[in-house]
Amino acid sequence: MTRKTVRIAMNGVTGRMGYRQHLVRSILSLREQGGLDLGDGTTLWPEPILVGRREHALRAIAERHDIEHWTTDLDAVLADPSVDIYFDAQVTSAREEAVKQAIAAGKHIYCEKPTGTTLAGALELARLADAAGVKHGVVQDKLFLPGLLKLRRLVEGGFFGRILSVRGEFGYWVFEGDWQSAQRPSWNYRAEDGGGIVADMFPHWDYVLHELFGRVRSVQALAATHVPQRWDEQDKPYDATADDAAYGIFELEGGAIAQINSSWTVRVNRDELVEFQVDGTHGSAVAGLRKCRVQHRSATPKPVWNPDLPATEPFRDQWQEVPDNAEFDNGFKAQWELFLRHVALDEPWRWDLLAGARGVQLAELGLKSSEQGRRFEVPELSL
Ligand SMILES: NC(=O)c1ccc[n+]([C@@H]2O[C@H](COP(=O)([O-])OP(=O)(O)OC[C@H]3O[C@@H](n4cnc5c(N)ncnc54)[C@H](O)[C@@H]3O)[C@@H](O)[C@H]2O)c1
């Protein structure tokens, strides 16, 4: 077995996503398993170079995980020809500039969503990366979650018949920060810093709907800021200028209609933090992050509306669990492996910066729909 090193500059690893999901659960986990077996007698060995603004925070992570390379000098790391990939999990507002710089330096690009703060900016990144001939990708982790993989299995197996509708419920209560500390960074609640639940979640809904049920053809949304004041990391009050809940309706190619509520101001009365109910002529399913339950048409009860009587059947017990039938790895790691294979072996890859721009487009049109009280067609994007 020969070992080939791939050097990855990882920017934003002091943040929630960059640290836990991308560094620890993906890249370090790949190293713990001995690297990525490419199946051709080669093992790909990822070597992270931690990049960030705060020296002490980077040093602490490097020491904790025995990582040799870290720097606060992005220019220098991009000028280093031995660095193959630039990865970005910074705050959204910092992404475009850094990714542009990395493309100009000829690095392959992998980054978090949303890929930009505007459609124009996100498209420009896709165009620049394509023109530079570098490989590029955007994180679309939800596709690799066990619950959604089971849902995809059902769609591909024809379980649903004709799919009629998808109803998604995402959210949980994010504390305001005064009485109990907030469990999300404060920039999420400031529009001027790239925050807002539409910008955060619509990119996810775009690729989930597109990949499982059909391209989003139109969007109609109402965004709200239900909690107007919050407290930041320094316990200082600030005005929440970004939306913290969004109620969206999406028409899909193929005729299905999706309706998704996204909220940081809702208390969970569900089995999981996100759940999608899919109803089709032949069957229905409810999928979460991990689990998926189904009800076939042959096992569908026939309730009769009568408010004078208590519910006659235990409706939630009438669903059947879809078995795993496979081992599911961490979704972020699974996608990293595919990206690394794409870089090393030129294997097919479709979650590129154009797909990232589609997510930004849906968010932008969703906000415009909310502002203007209108439904918008979603034009197909091309480079
Ligand atoms: N794929 C997912 O499920 C998912 C989930 C949450 C967040 N995200 C995305 O990941 C990115 C990071 O989100 P997070 O929740 O980890 O944020 P975070 O605030 O925890 O981390 C942000 C990182 O960016 C760095 N940074 C660079 N410039 C900054 C600036 N001017 N101000 C503040 N921080 C700056 C910070 O040091 C830190 O490393 C966002 O783009 C977000 O949309 C993706």
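Leaving aside neighbours within four places in sequence, Glu251 is in contact with Arg215, Val216, Arg217, Ser218, Ala256 and Arg375, where contact means heavy atoms within 4.5 Å. The model is a predicted one, in which local features need pLDDT of at least 70 and side-chain atom pairs count only at pLDDT 80 or more, while totals for chains, interfaces and linings use all residues. Residues are numbered from 1 along each chain as its sequence is written, and side-chain values use heavy atoms, with hydrogens and water left out.

Glu251 belongs to strand β12 (residues 245-252); helices (H or I, at least four residues) and strands (E, at least two) are DSSP runs, numbered from the N terminus. With a relative accessible area of 25%, Glu251 is partly exposed, on a scale where buried means under 20% relative accessible area, exposed over 50% and partly exposed in between (1.4 Å probe, protein chains only). Gly161 lies 90 residues from Glu251 along the chain, and 18 Å separate the C-alpha atoms of the two.

At the level of the whole protein, the division is into domain 1 (2-140 + 331-352) and domain 2 (142-327 + 360-376), with bounds that come from an automatic or database domain assignment. The centres of domain 1 and domain 2, taken over C-alpha atoms, are 28 Å apart. Where the domains meet, 19 residues of domain 1 are in contact with 19 residues of domain 2.

In soluble globular proteins, nonpolar side chains tend to be buried together. Not counting residues up to four places away in sequence, Leu209 touches Val166, Gly214, Val216, Phe250, Leu252, Ala258 and Ile260.

Helix α6 (residues 146-156) has Pro146, Gly147, Leu148, Lys150, Leu151, Arg152 and Leu154 as its buried residues. These buried residues of α6 pack against α7 and against the strands β14 (274-280), β15 (283-287) and β16 (292-296). Just after α6 comes Gly158, with a positive phi of about 75°.

Two helix pairs can be described by their axes, which are lines fitted to C-alpha atoms, for helices over the stretch in contact, with angles running from 0 to 180 degrees between N-to-C directions. For helix α1 (residues 16-32) and helix α2 (residues 55-65), the packing angle is about 30° and the axes are 13 Å apart. The two helices, α1 and α2, are therefore roughly parallel to each other, given that angles under 35 degrees count as roughly parallel, over 145 as roughly antiparallel, 65 to 115 as roughly perpendicular and the rest as oblique. On the α1 side, the contact is made by Tyr19, Leu23, Val24 and Leu28, and on the α2 side by Ile61, Arg64 and His65.

In the second pair, helix α4 (residues 95-104) and helix α5 (residues 119-132) cross at roughly 10°, and their axes come within 10 Å. This makes α4 roughly parallel to α5. Here Glu96, Val99, Lys100 and Ile103 in α4 meet Gly121, Glu124, Leu125, Leu128, Ala129 and Ala132 in α5.

Some backbone details are worth a look as well. Lys113 and Pro114 are joined by a cis peptide bond, with omega of about -15°; Pro114 sits in the loop between β6 (108-111) and α5. Asn325, in the loop between β17 (320-321) and α8 (331-345), has a positive phi near 55° while being a residue other than glycine, and is exposed at a relative accessible area of 65%. Asp346, in the loop between α8 and α9 (353-372), is not a glycine either, yet has a positive phi of about 65°. Asp346 counts as exposed, at 54% relative accessibility.

Within helix α8 itself lies Glu337, which is buried with a relative accessible area of 18%. Neighbours within four places in sequence aside, Glu337 is in contact with Leu30, Gln33, Leu36 and Asp329.
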